[in-house]
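I open this notebook to record what I looked up in a single structure. The entries follow the order in which I consulted it.

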Amino acid sequence: MHKISHLPPWNLAALRDAVERVHNRDLSRLAYECAQSISKRQMYMKYHYAEAKRLVVTELEGIDPEQVLMSYVLPVDTAQYHEFHHRRLQAEASLLALLQCIHATADNLGHVVYYAMNFEADPSRRIQPHRISIHSVLDLLLAGPLKNAIANFIDDPEFKHVAAIVNCSKHRSVISASVSVSFVQDVESHGLRFDGFHYKGGWYSPRWAMQFVTAAFDATQRHLLQVGALLNHELGAAS
């Protein structure tokens with residue numbers, strides 16, 4: 001998974017100190033705990049990515065498409081086939097957990113902004129705790145760079161695809177990451193691929209799993225750093 005090298009890291013200590021200076025210590029603690037949860041989720045994502053690689057992806061990368069097709073795609077009643085697909089199911093679980101972490105990170109970010117901006121103090125902006133999310137906090141923000149950055153996060157095509165997989169898997173049926181082989185030039189030849197699906201009137205195309213989770217992770221990192229820098233700036237904190 002890639003580092004977003006052109007953006008500075010989010011200075012969480014400066015955010016914590018600024019919230020305490022501008023508002024109070026309790027809000028500072030709440031905002032910082034939520035921001036720390038984002039950092040933990042980033043570590044979880046990297047762990048799940050490594051697990052998927054360890055379980056099946058590295059093995060698939062080491063063999064040619066024809067062998068993948070004959071050994072793992074076409075059903076055969078062999079110990080090798082069943083053992084592999086047991087590991088494939090475990091890898092699928094890791095990939096879905098990774099996407100769930102990405103999806104949850106957005107709402108963790110919503111809590112950071114909510115507490116850091118002290119929306120709780122304004123009755124017209126106060127939200128019940130279980131209603132705080134990235135979408136509800138977006139509606140509370142005045143027009144400006146911070147609101148634009150959060151809107152860009154929510155509207156990012158990679159994040160929308162993540163949200164659709166997570167919500168469909170949570171509420172309707174799991175979107176599988178099956179072994180797939182393609183003989184079309186200029187695309188991935190074989191590997192795990194998330195199935196295509198319909199959700200809320202839209203069609204989400206199949207995606208090669210490792211390429212997709214990497215792109216989604218990188219997009220999330222980029223948006224988090226942008227929102228974090230703008231939030232720190234809003235509070236007069238160091239970026």
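**Entry 1. Elements and overall extent**

I took helices (H or I, at least four residues) and strands (E, at least two) as DSSP runs, numbered from the N terminus. I note that this is a predicted model, in which local features need pLDDT of at least 70, side-chain atom pairs count only at pLDDT 80 or more, and totals for chains, interfaces and linings use all residues. Residues are numbered from 1 along each chain as its sequence is written, and side-chain values use heavy atoms, with hydrogens and water left out.

From the N terminus on, I read the order of elements as α-α-α-α-α-α-α-β-β-β-β-β-α. The protein has 8 helices and 5 strands. Its C-alpha trace spans about 65 × 35 × 30 Å along the principal axes.

I then looked up burial, where buried means under 20% relative accessible area, exposed over 50%, and partly exposed in between (1.4 Å probe, protein chains only). Of the 239 residues, 49% count as buried. For contacts I used heavy atoms within 4.5 Å. Among contacts between residues at least 6 apart in sequence, 68% join residues at least 24 apart.

**Entry 2. The largest nonpolar core**

I defined a nonpolar core as a set of buried Ala, Val, Leu, Ile, Met, Phe, Trp, Tyr and Cys residues joined through side-chain atoms within 4.5 Å. In soluble globular proteins, nonpolar side chains tend to be buried together.

Which residues have the most contacts inside the largest nonpolar core? I found Trp10, Leu95, Leu99, Ile150, Leu192, Phe194 and Leu231, in a core of 75 residues. Helix α4, residues 79-116, gives the most to this core, with 15 residues.

**Entry 3. Helix α4 and what follows it**

The 38 residues of α4 should span 56 Å, and the end C-alpha atoms are 55 Å apart, so the two values agree.

Threonine 105 belongs to helix α4. This threonine counts as buried because its relative accessibility is 0%. Leaving aside neighbours within four places in sequence, I found threonine 105 in contact with Ile38, Arg41, Met45, Thr220 and Leu224.

Asparagine 118 follows α4 and is found in the loop between α4 and α5. Its phi is near 55°, a positive value in a residue other than glycine.

**Entry 4. The second largest pocket**

Rolling a probe the size of a water molecule over the atoms shows where empty space is left. On a 1 Å grid over the protein atoms alone, I took a pocket as an open set of points where a 1.4 Å probe fits, with protein on both sides within 12 Å along at least five of seven lines; lining residues have an atom within 4 Å of a point. Grid points are joined across faces, edges and corners, and a volume is the space filled by probe spheres set on the points.

How much space lies in the second largest pocket? I recorded about 310 Å³. Of the 17 residues that line this pocket, the closest to its centre are His103, His135, Phe159, Ala163 and Asn167. The elements that give two or more residues to the lining are α4, α5 (134-140), α6 (145-155) and α7 (157-171). Helix α7 gives the most, with 6 residues.

I sorted the lining by class, with Ala, Val, Leu, Ile, Met, Phe, Trp, Tyr, Cys and Pro as nonpolar, Asp, Glu, Lys and Arg as charged, and the others, Gly among them, as polar. The lining has 8 nonpolar, 5 polar and 4 charged residues.

**Entry 5. Valine 166**

I located valine 166 in helix α7. Is valine 166 buried or exposed? At 9% relative accessibility, valine 166 counts as buried. Leaving aside neighbours within four places in sequence, valine 166 is in contact with Leu99, Gln100 and His103.

Lysine 200 lies in the loop between β3 (197-199) and β4 (202-204). Its phi is near 50°, a positive value in a residue other than glycine. Lysine 200 is exposed, because its relative accessible area is 76%.

Glutamate 234 is placed in helix α8, residues 209-234. With a relative accessible area of 48%, glutamate 234 is partly exposed. I found glutamate 234 and proline 129 to be 23 Å apart, C-alpha to C-alpha, and 105 residues apart in sequence.

Conventions. Expected span 1.5 Å × (residues − 1).
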